[in-house]
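Please look over the sequence and the model before reading on.

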Amino acid sequence: MSTTNLTQHRLRAGMVGMGMIFDETYRPLFEQLHAEGLYRRDFGFVEVELAAVASRTGSRAERYKKQAAGRIADFASFAGRDAVGQLLAHGVDVVCVATPDDRHFEAARSALEAGKHVLVEKPSVLSLDELDTLQALADKHQRLAKVVYHKLADPDHKKLRTHVLEGNLQHVNNGYCSLLEPKSISGTQFAEWITGRNPGTYVACHYIKLIDFTFGPNWRLSRVHCTGQRGLVGPANGPTWDSVQLQTVYTYPDGREAAFDIHTSWVTPDNFPGSVEQEVQFRFDNGVWNAHQRKRGVELTIEGRSPGEFKITPNHHYNGTFIEPWGQRSQRGYGIEILRRFFEEVAYVEFGGPEKERARRLEEMNALSYNDVRADRNTVAIVQAMEAILKHHAAGRPGGMVEVNSAAGGLVLWLPGEREPTVLYAGRV
Ligand SMILES: NC(=O)c1ccc[n+]([C@@H]2O[C@H](COP(=O)([O-])OP(=O)(O)OC[C@H]3O[C@@H](n4cnc5c(N)ncnc54)[C@H](O)[C@@H]3O)[C@@H](O)[C@H]2O)c1
């Protein structure tokens, strides 16, 4: 039976940003969806196609068109200042935003305003005001607004949360996480937009979200502290950060506190044995969880080729290329799975039952706290606090601390030596 007899359901996707993450995760997903479509019993068969892309110069899109040769249908490519506007006018149902993190908001806002479902890379946005705007637009236009935090789909993290939910691991007290990116990220890959940016916003957000999602919501975020180092990516007194150490503190209803240290960097040597160094430890009332996200049990050495071309400690769970036992080439992993799941959520809202029940289906998907913008408030609050502390540090006022939901406001920055705080966000986080 041909698939065209099965359905007329179709989702046309628009992609904003065609950089590294597009190539690693969106590209293989769109190629799989082009070849196989999307099927689930509740919404049936849905064609999903990459219909249009928007990027700064359009050069990667052109290169991809040539290379893709049959693995994907033809798509429109828009470049330059009004690329997003043109993409929206082209007729898409869903927009994925994978631009640098300080350029997520504009693209996501205009896509929601145009009535598109939106998926945005982590961290969703850099301030709670921006998050409020996206939430309000998603409500107004009755569309999904979701964020990609692929680490929540890592089988190890799923198991951690399962242990917590089942009560095997009880009451987390503290922990640390580290994520160190190679120098090539700050020096080459992101050179165009690195000035004024920091690795904390780029990757600490993965662990901020993991902690908030896995151990919450029966506690409240209380304080954010942060410091960092400069001098390698940019000048020692400039606004661009090499490494960042963040501490977040939560308070349980009985007054006990939990504290987490998250260390990030993008100046680790390029000949490091893995793609990124990633490690976590969480301590509970009755146990300890240790996970090395890089040393997952495989160690590989190939003369003259590792650790450059082939990493010594690869992570095949995130996104690996394989020849399946049945001969097919494939690319799979939780980095791709989490994007596929978003398309399933959109398909469920639009095609998962009668139109009169669409609002209920939308509400059901909005309630998923792992990826909905409504559940991203603590993560965005921490990112906003971290950015503000670092900005003041770079301006000669280090050592700031942000209090959350105090009498003075939702996000309140205290700087050493200053009697009055600065309110970063007046509403409740
Ligand atoms: N999920 C993950 O683990 C993961 C990994 C890497 C990156 N990311 C996220 O994905 C986003 C992009 O990262 P990347 O590594 O692909 O970056 P990149 O620098 O490789 O690519 C950025 C892309 O955005 C485009 N772009 C920049 N400004 C634009 C604008 N105003 N309008 C339209 N297009 C624009 C550029 O042309 C380029 O195609 C970031 O938010 C990053 O945090 C996520």
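## Helix α12

Is helix α12 largely enclosed by the rest of the structure or exposed, and how many of the residues of α12 are buried? In this predicted model, 14 of the 18 residues of α12 are buried, so the helix is largely enclosed by the rest of the structure. The cut-off behind this is 20 or more other C-beta atoms within 10 Å of a residue's own.

Helix α12 covers residues 377-394. From its first C-alpha to its last it reaches 26 Å, close to the 26 Å expected at 1.5 Å a residue. Just after α12 comes G396, which takes a positive phi of about 95°.

## Two domains

The domain assignment divides the protein chain into domain 1 (3-150 + 327-366) and domain 2 (155-316 + 378-425). Their C-alpha centres lie 27 Å apart.

Contact between the domains involves 13 residues of domain 1 and 16 residues of domain 2. On the side of domain 1 that touches domain 2, helix α6 (residues 128-141) provides the largest share, three residues. By class, that side of domain 1 has eight nonpolar, two polar and three charged residues.

## The ligand

The shell has 25 residues, and the closest are G17, G19, M20, R56 and E121.

Three elements, α2 (20-36), β3 (44-55) and α4 (83-89), each supply at least two residues of this shell. Helix α2 gives the most, with three residues. Sorted by class, the shell holds 13 nonpolar, six polar and six charged residues.

Strand β3 also contains F45. This residue has 18 C-beta neighbours inside 10 Å and therefore counts as partly exposed. The C-alpha atoms of F45 and E279 are separated by 40 Å, and the two residues are 234 apart along the chain.

## Strands around β11

Strand β11 (residues 257-268) pairs with strand β8 (residues 172-182) in the parallel sense, over eight bridges. Within this pairing, L179 stands opposite T264 in β11.

Strand β11 also pairs with strand β10 (residues 243-251), here in the antiparallel sense and over nine bridges. T251 has E257 of β11 as its bridge partner. The hairpin of β10 and β11 has five residues between the strands, and in this hairpin G255 takes a positive phi near 95°.

## Backbone exceptions

Most residues other than glycine have a negative phi, and most peptide bonds are trans. Which residues are joined by a cis peptide bond with omega of about -20°? They are K122 and P123, and P123 is found in the loop between β6 (117-121) and α6. Another cis peptide bond joins S306 and P307, with omega of about 10°. P307 is found in the loop between β13 (288-292) and β14 (320-323).

H171 is not a glycine, yet it has a positive phi of about 60°. It sits in the loop between α7 (155-165) and β8. Because H171 has 17 C-beta neighbours inside 10 Å, it counts as partly exposed. N405 is not a glycine either, and its phi is positive at about 50°. N405 lies in strand β16 (residues 401-406), and with 17 C-beta neighbours inside 10 Å it counts as partly exposed.

Key: Residues are numbered from 1 along each chain as its sequence is written. This is a predicted model: local features need pLDDT of at least 70, side-chain atom pairs count only at pLDDT 80 or more; totals for chains, interfaces and linings use all residues. A residue is near a molecule or strand if its C-beta atom, placed from the backbone, lies within 6 Å of it. Helices (H or I, at least four residues) and strands (E, at least two) are DSSP runs, numbered from the N terminus. Ala, Val, Leu, Ile, Met, Phe, Trp, Tyr, Cys and Pro count as nonpolar, Asp, Glu, Lys and Arg as charged, and the others, Gly among them, as polar. A residue is buried if 20 or more other C-beta atoms lie within 10 Å of its own, exposed if 12 or fewer, and partly exposed in between; C-beta atoms are placed from the backbone. The expected span of a helix is 1.5 Å times one less than its number of residues. Domain bounds come from an automatic or database domain assignment. Two residues are in contact if their C-beta atoms, placed from the backbone, lie within 7 Å. Two strands pair if DSSP finds at least two bridges between them.
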